[in-house]
Amino acid sequence: MPITRELFIGGKDVPAASGRTTEDVNPYTGEVYATVAAAGPEDVRRAVDAADAAFEEWAALAPFARRAIFLKAADLLDARGDQVAELMANEAGGTRPWAYFNVALAANMLREAAAAVTAPRGEVLNAQAQGALGLAVREPLGVVAAFAPWNAPVILGVRAVAAPLAAGNTVVVKPSEDAPIACGLLIADVLREAGLPDGVLNVVTNAREDAAEVAEALVADARVRGVNFTGSTPVGRIIGEHAARHLKPAVLELGGKNAVIVLDDADVDYAVNAAVFSVFMNAGQICMSGDRILVHESLAEEFTERFTTKVASLQSGDPGDPHTVVGPLVAASSAQRVAGLVRDAVAKGAKVLVGGGEPEGAVHPATVLTEVPKEADLYHAEAFGPVCVVESFADDATAVTLANDTENGLTCGIITENATHGLAVARRIRTGIVHVNDQSVADEPHAPFGGAKASGYGRFGGRWGIEAFSNTRWVTIATQQAHYPF
């Protein structure tokens with residue numbers, strides 16, 4: 001029997017005003033896993049009503065009381081590893097290791113949010129007037145609209161709401177249609193059990209065909225004062241345009257076309273292991289996945305041989321099998337999209353080193369290409385699947401040029417045994433994140449996470465997340481009476 005879930009508004013599970021529902025399908029089996037409420041604009045208004053009504057009391061709640069909620073939620077989430085593994089496999093085809101990683105990092109994000117609640121924020125300013133005291137204080141925005149994606153559903157579902165809530169805002173979250181429970185309703189369940197007051201967090205699920213209308217209604221509501229979105233660059237542009245039209249600040253974490261650069265002083269075995277993880281973790285469905293592996297020509301032959309051998313050994317298929325590395329993509333249509341990118345590249349001159357061919361349902365084979373020409377769609381498009389391109393370079397300048405030859409700028413990995421060499425190259429890469437002697441996929445709750453160029457703007461994580469979801473206000477106190485000219 002499929003699971004049935006309703007909207008979460010004002011601390012209660014409620015049906016959509018229209019009574020409509022939508023199906024949540026297992027990408028591996030094609031069976032309906034859950035049925036969830038399909039919200040419309042009227043439900044968005046109800047959710048914002050609840051968030052707006054709860055804002056003043058939540059913002060005024062004692063910091064230690066708020067902190068206790070986040071800490072309890074972190075412990076509750078930590079205890080749900082097996083439940084999350086089953087949920088992520090059924091909703092998004094996630095493997096068990098990926099699910100447990102989601103739980104661990106998301107729980108630590110809640111702990112980081114707890115720490116942020118009582119962390120010092122604001123400054124004491126020098127004042128021009130004698131006897132006056134100036135303060136720069138951080139205050140919450142109000143109601144925040146959050147959009148959570150399916151690919152790392154628990155991590156990104158928590159990230160969408162943790163910093164806004166810690167800053168004293170209330171939140172309405174619209175989770176992805178592909179994982180509405182894991183990246184929305186599950187997070188609400190955990191926080192509700194931890195004691196989050198009614199209305200502080202609200203979840204509005206929707207049918208895929210209603211996504212644009214629901215998103216626009218949420219961003220356009222005058223009581224929504226901030227927006228955060230994690231997802232593809234094309235949809236992020238739309239959300240950013242809506243936010244700008246209504247003069248609302250937004251944090252957008254969008255797509256990547258990330259490179260892993262293997263310099264001439266790299267350890268080849270380490271580079272192979274790092275690159276395989278970067279490309280194929282979660283079947284390449286991570287915004288930080290390595291689409292391009294750039295290898296110094298002196299190592300290219302040895303690296304490529306070892307890399308392709310390891311890729312060919314990766315088990316793919318059932319996400320419930322503990323030995324599966326490359327599980328299904330989120331939908332069979334996604335696998336067909338990736339296959340189309342590979343076919344186009346090959347038709348234009350690329351060579352397949354491993355994989356290729358047609359997917360089986362939502363499972364696309366782990367694939368490595370080389371000699372992909374610029375006119376191929378894959379050269380510029382984010383693969384978001386188990387596919388990468390290996391290319392060699394002659395010197396650092398060429399590697400930098402290749403890595404920067406994209407409209408995106410999220411992350412980059414630089415593999416080298418010489419940190420000074422790696423840092424010199426890293427300073428020339430135009431991304432929001434770079435990792436020296438590591439691959440491109442990494443996230444830590446206290447670090448500033450976000451991209452440059454078409455990978456978005458603003459930062460999640462640590463004090464940067466709190467700043468993104470709060471306003472700086474100037475407050476002065478005159479300790480003596482001022483004198484006026486008239």
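Predicted model: local features only at pLDDT ≥ 70, side-chain atom pairs only at ≥ 80, totals over all residues.

Strand β4, residues 21–25, and strand β5, residues 32–37, pair over 5 bridges in the antiparallel sense. Between the two strands of this hairpin sit 6 residues. Look at Gly30 in the hairpin: its phi is positive, near 80°.

Now, which residues of β4 are on the covered face, and which on the uncovered one? Thr22 and Asp24 make up the covered face. Thr21, Glu23 and Val25 make up the uncovered face. Why the every-other-residue pattern? Because side chains in a regular strand alternate between the two faces of the sheet.

Next, strand β9, residues 170–175. Here both faces are covered. On one side, Thr170, Val172 and Lys174 are buried. On the other, Val171, Val173 and Pro175 are buried too. That is 6 of the 6 residues, so β9 is largely enclosed by the rest of the structure. Note that Lys174 is among the buried residues.

What does β9 pair with? One partner is β8, residues 143–148, which runs parallel to β9 and is joined to it by 6 bridges. Within that pairing, Val143 stands opposite Thr170.

Another partner is strand β10, residues 201–203. β9 and β10 are parallel, with 3 bridges. Val173 faces Val203 of β10 there. From β9 the chain passes through helix α6, residues 181–193, to reach β10, and this β-α-β crossover is right-handed.

Last topic, the cysteines. How many disulfides does a search of the whole structure find? The count is 0. As a reminder, a disulfide is a covalent bond between the sulfur atoms of two cysteines. The cut-off for a disulfide is 2.5 Å between sulfurs. Seen from Cys287, the closest cysteine sulfur is the one in Cys183, again at 14 Å.

Are these two buried or exposed? Cys183 is buried, at 1% relative accessible area. Cys287 has 12% relative accessibility, so Cys287 counts as buried as well. The threshold for buried is under 20%.

That's my tour. Thanks.

Terms used. Residues numbered from 1 in each chain as written. Heavy atoms only, no water. Buried < 20%, exposed > 50% of the residue type's maximum accessible area, 1.4 Å probe, protein only. Helix = DSSP H or I, 4+ residues; strand = E, 2+ residues; numbered from the N terminus. Pairing = 2+ DSSP bridges. Right-handed = clockwise from strand over helix to strand, strands pointing away.
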